[in-house]
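User: I'm new to reading protein structures. Could you walk me through one, feature by feature?

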Amino acid sequence: MNCVPVAYNPWLGLQREHRFFENEEVAALVQRALFYARAGVPVHFQGTAGRGKTAVAMEIANRLGRDVRVMTGNDWLDVDDMIGKQVGQTTSSVVDKYIQRVRRSEATLRYDWKNSMLADAMVHGHTLVYDEFTRASAQANGILLSVLEEGVLIATDPLAPGEHIEAHPDFRIILTSNPDDYSGVNATPDALLDRMITFHMPRYSLETEGGVVATRTGIPTDLSMRIVKLVTALSTTEKACSMRAAIMIAQIAAMRLRSAKLSDALLAQIGADVLRGRGVDVTTGQVARYLSQSDEKETAK
């Protein structure tokens with residue numbers, strides 16, 4: 001039987017159920033959060049960029065076994081985007097010609113309404129992942145107060161088909177946020193935080209990060225560990241040392257390995273380019289020297 005290699009596709013979007021790395025450290029977090037989510041408690045993952053918040057949220061949403069909807073917070077979201085809005089009008093008319101010389105006509109005007117993603121998820125019992133929800137305004141997120149507490153979405157628009165929507169028993173909501181981002185982030189009201197369980201996402205261990213990078217990109221684990229250690233050792237900012245930097249280096253390395261060997265010189269160039277883009281003042285030569293020294297230490301062991 002001939003095996004046809006799968007075409008490389010770096011754009012996998014939200015298809016993470018086949019690329020999720022799990023060891024004891026990750027499993028402990030996922031199992032706790034999944035336990036709370038199944039009980040109907042809103043779960044919130046909070047942490048700086050590159051901590052895997054969205055990946056964990058999506059994994060939990062998939063394990064709940066219901067359709068998953070994803071909404072991303074933004075400053076243009078308003079109350080209508082959280083509830084629904086009028087999207088047009090439909091006019092129908094009937095002309096009665098039953099008697100030849102008498103004509104009677106009737107016109108009916110109907111307002112067309114479209115539920116928001118939140119409302120649809122509540123009605124159909126889907127799982128809603130509300131990613132980076134603190135990027136939306138406090139006014140828009142204020143709609144969540146009754147949703148998280150009583151499972152009720154209050155309609156404020158007189159054109160809405162009903163005064164409120166009650167959540168389907170299977171409806172669940174998982175939220176993520178990055179409170180440390182310097183722009184576009186609003187403070188989370190205590191009233192909202194009081195209605196959810198918040199997991200503060202610390203940085204994973206080096207072993208876990210190496211496993212995540214290897215799983216996401218398909219490179220060998222020993223190479224992913226070299227990349228993670230390189231990023232950790234040479235980073236000077238929180239932004240630079242995130243897993244996202246390591247995954248980007250590994251993604252480029254994976255593409256190279258599909259057609260040729262990956263030399264240390266090329267890996268050093270890739271690493272330097274990625275880290276410089278994250279504010280690290282490092283040269284290709286410095287990265288190359290670190291790789292050489294770290295290899296010598298591993299050999300000495």
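User: Which residue in S5 does methionine 71 stand opposite?
Analyst: In this predicted model, methionine 71 faces tyrosine 130 of S5. Here's the general idea: strands in a sheet pair through backbone hydrogen bonds, in either a parallel or an antiparallel way. In our case, S2 and S5 (residues 127-131) are paired in the parallel sense, over five bridges.

User: What is the order of the strands in the open sheet?
Analyst: Read across, the five strands go S2-S5-S8-S1-S9, with parallel pairing. Strand S2 (68-72) and strand S9 (197-200) are at the edges with a single partner strand each, so one side of each has no neighbour in the sheet. On average, neighbouring strands are turned by 20° against each other, ignoring direction.

User: Which strands does H2 lie across?
Analyst: H2 lies across S1 (43-46), S2, S5 and S8 (172-177), and its angle to S8 is about 175°. Lysine 53 belongs to this helix, which covers residues 53-63.

User: Where does glutamate 132 lie?
Analyst: Look in the loop between S5 and helix H5 (138-141). Glutamate 132 is buried, at 17% relative accessible area, and has a positive phi of about 50° despite not being a glycine.

How values were computed:
Residues numbered from 1 in each chain as written. Predicted model: local features only at pLDDT ≥ 70, side-chain atom pairs only at ≥ 80, totals over all residues. Heavy atoms only, no water. Helix = DSSP H or I, 4+ residues; strand = E, 2+ residues; numbered from the N terminus. Pairing = 2+ DSSP bridges. Axes fitted to C-alpha atoms, helices over the stretch in contact; angles between N-to-C directions. Contact = heavy atoms within 4.5 Å. Buried < 20%, exposed > 50% of the residue type's maximum accessible area, 1.4 Å probe, protein only.
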